[in-house]
Structures are given as structure tokens and as C-alpha cells.
Amino acid sequence: MVQLFLLSAQSDRLRKLIVDLEAPRFDSGSILSQDPAISYIWSEKNLNADQRRAIIKILTAKDYALILGMPGTGKTSTMVYAVKALLMRGASVLLTSYTNSVVDNLLIKLKTQVISVFTTSCKENECNWSPSLAVI
Ligand SMILES: Nc1ncnc2c1ncn2[C@@H]1O[C@H](COP(=O)(O)OP(=O)(O)OP(=O)(O)O)[C@@H](O)[C@H]1O
């Protein structure tokens with residue numbers, strides 16, 4: 001919150017987004033890049049076209065991305081693959097929600113999906129558990 005009141009370029013940008021409701025920006029150039037996270041999303045067969053497009057938006061967001069969908073349309077599943085793609089990039093991910101049950105559902109799905117990302121950092125039976133995923 002205090003960031004909004006500071007005199008810096010970053011705070012100025014935050015004020016434009018939050019107070020002036022300026023539209024968020026997306027990096028259209030990186031869609032064609034060699035980013036493994038984007039390649040992974042293009043190749044993931046369990047995603048439909050809308051889910052894939054939503055995750056590409058998340059991965060190319062310069063400010064933020066909002067995903068909107070009717071109940072049961074696959075938002076939670078989309079977030080699982082988005083989190084996996086972000087972790088591939090080495091990003092830190094904070095999961096939070098208005099209700100505990102939404103976070104619980106996400107974690108149940110992440111349990112089967114994200115473990116493989118964590119285990120890639122295992123060497124000789126010693127795992128370096130990454131603190132990249134935080135849950136509130
Ligand atoms: N691409 C897909 N192909 C087939 N089934 C899918 C796909 N995406 C999601 N589903 C299935 O659709 C159902 C609803 O998905 P999900 O829970 O992700 O939706 P949601 O939008 O988060 O739902 P809610 O709004 O109720 O929280 C689940 O059974 C999920 O496995």
C-alpha cells in the first residue's frame with residue numbers, strides 16, 4: 001500500500017494502474033520467443049484454446065493479468081498450469097484467495113502437477129526444495 005505514495009517510477013506506474021485504472025500492458029514480442037514456459041504451454045495437451053490463451057496472457061503480462069470465467073469453466077485448472085509455467089521460469093508465486101476452499105482446490109491439483117518441477121532440483125537423493133511457491 002505504501003508503494004502507492006512513493007516518488008518513484010514504479011510507484012507512478014502503480015498509481016496509473018490502480019488509481020487511474022490504466023489498462024495493463026502485455027509483451028506481445030515474447031510470444032514468439034524461446035521462453036521454455038511459453039513453449040510448455042503451447043505443447044500442453046490438457047489445456048483448451050481459451051485456457052492456453054489465458055496463460056500466455058499471464059506469462060506476457062508486464063503489469064498484471066485478470067482471468068475471468070463462469071463457474072466450472074476451468075479457471076482453477078488454468079491456474080495450475082500457469083503456476084507450473086511460472087515456476088519453470090524461476091518466478092516466485094504467491095497463491096492467495098478470498099476463500100480457503102479455492103486455495104485448497106488449487107493445492108490439491110498442484111500436488112500432482114508441480115511436484116515434478118520441484119524434483120528437477122534433486123541430486124543424489126538430496127532435494128533442494130525451492131521456496132518458489134508460497135501459499136496464504
Ligand atoms: N481443458 C480441459 N479439458 C477437460 N476438462 C477440463 C479442462 N479444464 C478443466 N476441466 C475440468 O472441468 C472441471 C472444472 O474445472 P475447474 O475446477 O478448473 O473450473 P473452475 O472455473 O475453477 O470452477 P469453479 O468456478 O467452480 O471454481 C474439472 O473437473 C476439470 O478437471
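The model is predicted: local features need pLDDT of at least 70, side-chain atom pairs count only at pLDDT 80 or more, and totals for chains, interfaces and linings use all residues. Residues are numbered from 1 along each chain as its sequence is written.

**Overall fold**

- The chain holds five helices and four strands. Helices (H or I, at least four residues) and strands (E, at least two) are DSSP runs, numbered from the N terminus.
- From the N terminus on, the order is α-α-α-α-β-α-β-β-β.
- The chain has 136 residues, and 15% of them are buried. Buried means that 20 or more other C-beta atoms, placed from the backbone, lie within 10 Å of the residue's own.
- Take the contacts between residues at least 6 apart in sequence: 63% of them join residues at least 24 apart. Two residues are in contact if their C-beta atoms, placed from the backbone, lie within 7 Å.

**Helices H2 and H3**

- Helix H2 spans residues 36-43, and its axis comes within 10 Å of that of H3, crossing at roughly 175°. Axes are lines fitted to C-alpha atoms, for helices over the stretch in contact, and angles run from 0 to 180 degrees between N-to-C directions.
- H2 is therefore roughly antiparallel to H3, a term for angles over 145 degrees.
- On the H2 side, Ala37, Ile38 and Ile41 meet Arg52, Ile55, Ile56 and Leu59 of H3.
- This contact has six nonpolar, no polar and one charged residues. Ala, Val, Leu, Ile, Met, Phe, Trp, Tyr, Cys and Pro count as nonpolar, Asp, Glu, Lys and Arg as charged, and the others, Gly among them, as polar.

**Helices H3 and H4**

- H3 (residues 49-60) and H4 (residues 75-88) have axes that come within 10 Å and cross at roughly 40°.
- H3 and H4 are therefore oblique to each other.
- Gln51, Ala54, Ile55, Ile58 and Leu59 of H3 meet Ser77, Thr78, Tyr81, Ala82 and Ala85 of H4.
- By class, the contact of H3 with H4 has seven nonpolar, three polar and no charged residues.

**Around the ligand**

- The residues around the ligand are Asn46, Leu47, Asn48, Gln51, Gly69, Pro71, Gly72, Thr73, Gly74, Lys75, Thr76 and Ser77.
- The shell divides into two nonpolar, nine polar and one charged residues.

Notes
Parallel < 35°, antiparallel > 145°, perpendicular 65-115°, else oblique. Near = placed C-beta within 6 Å. Buried ≥ 20, exposed ≤ 12 C-beta atoms within 10 Å, placed from the backbone.
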